[in-house]
Amino acid sequence: MVAKIISGKSLIGALNYNEKKVAKGDAELIWQSGFHKDVPKMDFHDKLFRFQNLTMRNERTKTNTVHISLNFAIGEKFHQEKLSEIASKYMEIIGFGNQPYLVYQHQDAGHPHIHIVTTNIKPTGDRISLHNLGRTKSEEARKMIELQYGLIPASKVEILKQETPHLRKVVYGKDDTKRAISNVVRGVISSYKFTSLPELNAALSYYNVIADRGSKESRMYAKNGLLYWALDNGGKKTGIPIKASSIYGSPTLKALEVKFNLNQPLRTPFKETLKKNIDRLLSVKASQSGFKQALQQKGIEVIYRKNDQGRLYGITYVDHQSKVVFNGSDLGKAYSAAGLSTWFASSGPNKVTNSNKLTILGGSIKSPHWPNKTPYQNPDQPSVLNDLLKSEYQEDNLPDTQLRRRKKKRKVNL
């Protein structure tokens, strides 16, 4: 069994997440503890009011929501009564046995699992500490339950896919905007590794969403507020934004700053792989559009930042395969805006010289500048390589002397 604990500031968000699953037929409320009505007679307001009745007794504590998922190995099957029993045992061991909680059985994944929603505010107004709850009491509960119910231990459970919404681009006017934005924000934050707000926005913008602090003179900026907007096809903000605090998990700027620090070491192992993919392109010449298109074939999105005069001053790489985001300068000077600007400038047809001209020998492509590198070549997309070479290999630029064959002089016998 694998237990995951998420603490947050939005009881409404945690309830909505599960109740929407119920409405779609992907989940079912199977057990309640500490409520005054049986499950069939409870509506949304009954559930929310019971929790809020406790949280209002300690308004100083903002983190008052606990959302737990208990995940079982593929193939393990339980009746609802057994799942409810396991949930009750788990809550008792971690110190939440006297708290009101709801147990939902989900059927939207390949493995059996349940979700538990509760609050850490007691009837006395005291707060149950959540510090290291996952590492201490939760681990103790997991081991005891595995032994008591003969469950497959967490160490032998097949790695579970992180339960994040399926990521797809927001289409304004077609989707439920708030829900679509929330799904993208939660999915990107939980699966991508970024270390700054611009890097987060590089990943979000791919799905037509952007995080906005407002202008530097605004009150929102001064208060470290954050809004999430949908983007139209032109990349412009559209519709009505939603507050970070209204999204489940509360991805506020303060919470994101913690994520920035955590992601710094986590993305490092993917740095060299990304550089190698870029290096394959740097062994040939390409325009900005050709460079971007070729990396897209590798699942890497390139985002250029330009000033009003069109000068490139920043570049960001989003690797959708490894789920990492890097600013160009973090990879090295050659991958930065300055380095690539110089490289792009030498790629134009008027900049080609005999010293950097590509030559085709025996079907392979070689360049005197990079003799030891293998140029980028995707056999599934041969047209991409052709596009990269268009501005570089043109017979019209060759001297006439290279086009004419020299005639051999005949020897005259006297």
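**First stop: helices H1 and H2**

Select H1 and H2: H1 passes H2 in a right-handed crossing. A crossing is right-handed if the near helix is turned clockwise from the far one by less than a right angle, and left-handed if anticlockwise. Helices (H or I, at least four residues) and strands (E, at least two) are DSSP runs, numbered from the N terminus.

A word on the model before going on. It is predicted, so local features need pLDDT of at least 70 and side-chain atom pairs count only at pLDDT 80 or more, while totals for chains, interfaces and linings use all residues. Residues are numbered from 1 along each chain as its sequence is written, and side-chain values use heavy atoms, leaving out hydrogens and water.

Stay with this pair. H1 covers residues 11–24, and H2 covers 44–55. How far apart are the axes of H1 and H2, and at what angle do the helices pack? The axes are 10 Å apart and the angle is about 155°. That makes H1 roughly antiparallel to H2. Axes are lines fitted to C-alpha atoms, for helices over the stretch in contact, and angles run from 0 to 180 degrees between N-to-C directions. Angles under 35 degrees count as roughly parallel, over 145 as roughly antiparallel, 65 to 115 as roughly perpendicular and the rest as oblique.

To show the contact (heavy atoms within 4.5 Å), select Leu11, Ile12, Leu15, Asn16 and Glu19 on H1, together with Phe44, Lys47, Leu48, Phe51, Gln52 and Thr55 on H2.

**Second stop: Thr61**

Move on to Thr61, in the loop between H2 and strand E3 (65–71). Is Thr61 buried or exposed? Its relative accessibility is 14%, so Thr61 counts as buried. Buried means under 20% relative accessible area, exposed over 50%, and partly exposed in between (1.4 Å probe, protein chains only).

The side chains of Thr61 and Asn58 are joined by a polar contact of 3.2 Å. Such a contact is a pair of N or O atoms within 3.5 Å; within protein, one must be able to donate a hydrogen and the other to accept it, and residues adjacent in sequence count only if both atoms are side-chain atoms. Not counting residues up to four places away in sequence, Thr61 touches Ile121 and Arg127.

Select Val188, Tyr192, Leu204, Tyr228 and Leu256. These have the most contacts inside the largest nonpolar core, which has 28 residues. A nonpolar core is a set of buried Ala, Val, Leu, Ile, Met, Phe, Trp, Tyr and Cys residues joined through side-chain atoms within 4.5 Å. At least two residues of this core come from each of helix H5 (177–191), helix H6 (197–206), strand E6 (209–212), strand E7 (227–231) and helix H8 (253–267). Which of them gives the most? H5 does, with 6 residues.

Another core, of 24 residues, lies apart from this one; Leu70, Leu83, Leu133 and Leu151 are among its members.

Now centre on Tyr228. Leaving aside neighbours within four places in sequence, its contacts include Ile181, Val185, Ile189, Leu204, Ile210, Pro241, Ala244 and Leu256.

At 2% relative accessibility, Ala244 is buried. Ala244 and Leu227 are 17 residues apart in sequence, but 5.7 Å apart in space, C-alpha to C-alpha. Beyond four places in sequence, Ala244 touches Leu226, Tyr228, Ser250, Pro251 and Thr252.

Most residues other than glycine have a negative phi. Select Asn208, in the loop between H6 and E6. Asn208 is not a glycine, yet its phi is positive, about 65°. Asn208 is buried, at 17% relative accessibility.

Then select Lys323, between strand E10 (312–319) and strand E11 (324–327). Its phi is also positive, about 60°. Lys323 is partly exposed, with a relative accessible area of 26%.

Show H9 (residues 271–282) and H10 (residues 288–296), whose axes come within 11 Å and cross at roughly 135°. The two helices are therefore oblique to each other, and their crossing is right-handed. Asn277, Ile278, Leu281 and Leu282 in H9 meet Phe291, Ala294 and Leu295 in H10.

Finish at Glu301, in strand E9 (residues 300–306). Glu301 is buried, at 15% relative accessible area. A 3.4 Å polar contact joins its side chain to that of Gln296. Other residues that Glu301 touches include Tyr206, Lys292, Tyr317 and His320.

**Zooming out**

With the whole chain in view, there are 14 helices and 13 strands. Buried residues make up 45% of the 414 residues.
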